[in-house]
Amino acid sequence: MTPLGGRDLEWPLMSYPDERPRRLRKSERLRAMVRETTLTPASLIYPLFVTAGNGIRREIPSLPDCYHLSVDQVAREAEVVEKLGIGGVILFGLPSAKDPVGSEGYADDGVVQQAIRAIRSVCKELLVVTDVCLCEYTSHGHCGVVEQGEVQNDPTLELLSRMAVSHAKAGAHVVAPSDMMDGRVGAIRDALDAAGFAGLPILSYAAKYASAFYGPFREAADSAPQFGDRRGYQMDPGNVREALREVRLDVEEGADILMVKPALPYLDVIRAVKESVDRPVAAYNVSGEYAMVKAAAAKGWIDEERMMREILTSIRRAGADVILTYHAKDFARRA
Ligand code: PBG
């Protein structure tokens, strides 16, 4: 056997029968001891969908075991999530009314603003993250202001900034812009700083792809675009160097955590982002990824728990420090 000491360029020449990797796979205790990737509920963020009204707890057909919750119910759900040791929740809103500029998205008494206050009044540790985007609040379903049939970048920044500040005022711990307008992280950072929230972190959806995997979410959040699609602002699935450019711009503009979305079809992007920045990396295990597992499990074709663990482990192994996932409660219950 050649010793490794001091020779980092040359591997010792060793192979079967001296090498037997199976020795370390003999028992669960042994496997657990040498496991390279582990995951705890503290790294997870669970998405919640807040709807107008009272006493509402309605299962979302496209996302089994996830619910539309009115403000009173969302606080109860958040308590359950907190007790499970899950790191945080991310809030999405289904407003009572939509208009072309998404006014309810930045109203002080909007559903998300109310939900933040309700959750903060009962949960002392759970992190409340908010999704900052107009698509759930606009009548046309796009993530920005539409003029001449096009989503306008710069006029949208002002509205996103107002939304982020209104979430901060209601008590959000982290804001997460998901719209993919150019310059939005910088605009939101400036607005937060000016409003006295210099200490509030931004989790930016930095590399967000125009993906078919958002299908079930758009049904859940009633946010499908009424014309066209999002390819004019979300990223093209073929690109990875562009993801690094988006990440660099967001870091320069003040993002604290960088997110890649979706997760499973973009594990290489998660890895590339992890290697390119010295900030925490998040990944969104999106609605379509979850729905596929649930649908196959309902058919009896897969072992749901094992598949969930394998998927979340793979996202973590690729480099995600934080994972947003609809599996969070299931994972935590069985952790
Ligand atoms: C809002 C937003 C979307 C998701 C998160 N924030 C939908 C979209 O961009 O169309 C998708 C989340 C999921 O699919 O689980 N822009």
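Arg-184 is found in helix 5 (residues 184–194), where helices are DSSP runs (H or I) of at least four residues and strands are runs (E) of at least two, numbered from the N terminus. The model is predicted, so that local features need pLDDT of at least 70 and side-chain atom pairs count only at pLDDT 80 or more, whereas totals for chains, interfaces and linings use all residues. Residues are numbered from 1 along each chain as its sequence is written, and side-chain values use heavy atoms, with hydrogens and water left out.

With a relative accessible area of 2%, Arg-184 is buried (buried being under 20%, exposed over 50% and partly exposed in between, with a 1.4 Å probe and protein chains only). Residues up to four places away in sequence being set aside, Arg-184 touches Leu-157, Leu-160, Pro-177, Ser-178, Asp-179, Tyr-205, Asp-250 and Glu-253, contact meaning heavy atoms within 4.5 Å.

Val-277, placed in the loop between helix 8 and strand 11 (281–285), is likewise buried, at a relative accessible area of 18%. Beyond its neighbours within four places in sequence, Val-277 is in contact with Val-247, Val-251 and Leu-258, and its C-alpha atom is separated by 8.1 Å from that of Arg-248, 29 residues apart along the chain.

The axes of helix 8 (residues 267–276) and helix 10 (residues 304–318) come within 8 Å and cross at roughly 35 degrees, the axes being lines fitted to C-alpha atoms over the stretch in contact and the angles running from 0 to 180 degrees between N-to-C directions. Leu-267, Ile-270 and Arg-271 of helix 8 make this contact with Ser-314, Ile-315, Arg-317 and Ala-318 of helix 10.
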